[in-house]
Amino acid sequence: ISTTPQSYHTVVYNTYIKACARMGRLDEAEKIHEKMLEAGISIGDKHIGKLVQAAASAGNLRRAEFWFDILKRKTAPHPPDTTAWNNLLKANANAGRPYVCRRIMDEMIKEGVEVSIFTTTILIDAYMKLNDV
């Protein structure tokens, strides 16, 4: 039996997932997530948000949407934060789906989520990739 506090393990695992997200290593991030669940470590909103980021960085739109849907259910009745929405936007933009990006941005506004300059830039870039600006 470990004598290390659970909070220590939570911080270490979450930091690892954050690094995986930055590098687009979705498979590894999801393995760590599973280990956390098996160890009974509580999963927070930021943790799930990093899985959205990892999927977006890996170019895996399906998994980004999967993790975002989980995050939406977890944060209900409040919407996820701007960063999570931006990661979902990035995944759709990278998949060549600017019209979906626009619908996502409209949903952000409807939900009262802050639309940052970064959000707007993702949307513009998505349209520019199609030469539709």
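Modeller: A salt bridge here is a side-chain nitrogen of Lys or Arg within 4 Å of a carboxyl oxygen of Asp or Glu. The model is predicted: local features need pLDDT of at least 70, side-chain atom pairs count only at pLDDT 80 or more, and totals for chains, interfaces and linings use all residues. Residues are numbered from 1 along each chain as its sequence is written, and side-chain values use heavy atoms, with hydrogens and water left out.

By this rule there are six salt bridges. One of them joins D106 and R102, whose closest N and O atoms are 2.9 Å apart. Both residues belong to helix α6 (residues 98–111). Helices are DSSP runs of H or I, at least four residues long, numbered from the N terminus. D106 and R102 are four residues apart, so about one helical turn separates them. How open are these two side chains? Buried means under 20% relative accessible area, exposed over 50%, and partly exposed in between, with a 1.4 Å probe and protein chains only. D106 is partly exposed at 36%. R102 is partly exposed, also with a value of 36%.

Next come E28 and R25. Their salt bridge has its closest N and O atoms 2.6 Å apart. R25 is partly exposed, at 42% relative accessible area.

E30 and R63 form another salt bridge, at 2.9 Å from N to O. E30 sits in helix α2 (residues 26–38) and R63 in helix α4 (residues 61–75), so this pair ties together parts 33 residues apart in sequence. E30 counts as buried, because its relative accessibility is 16%. R63 is buried too, at 17%.

Helix α4 also packs against helix α5 (residues 82–94). The angle is about 160° and the axes lie 9 Å apart. Axes are lines fitted to C-alpha atoms, for helices over the stretch in contact, and angles run from 0 to 180 degrees between N-to-C directions. The two helices are therefore roughly antiparallel, a label for angles over 145 degrees. Which residues meet? From α4 come L61, A64, E65, F68, L71 and K72. From α5 come A84, W85, L88, A91 and N92. Contact means heavy atoms within 4.5 Å.

Last, the cysteines. A disulfide is a pair of cysteine sulfur atoms within 2.5 Å. The count is zero disulfides. C20 is buried, at 0% relative accessibility. C101 is buried as well, at 0%.

Technical notes: Parallel < 35°, antiparallel > 145°, perpendicular 65-115°, else oblique.
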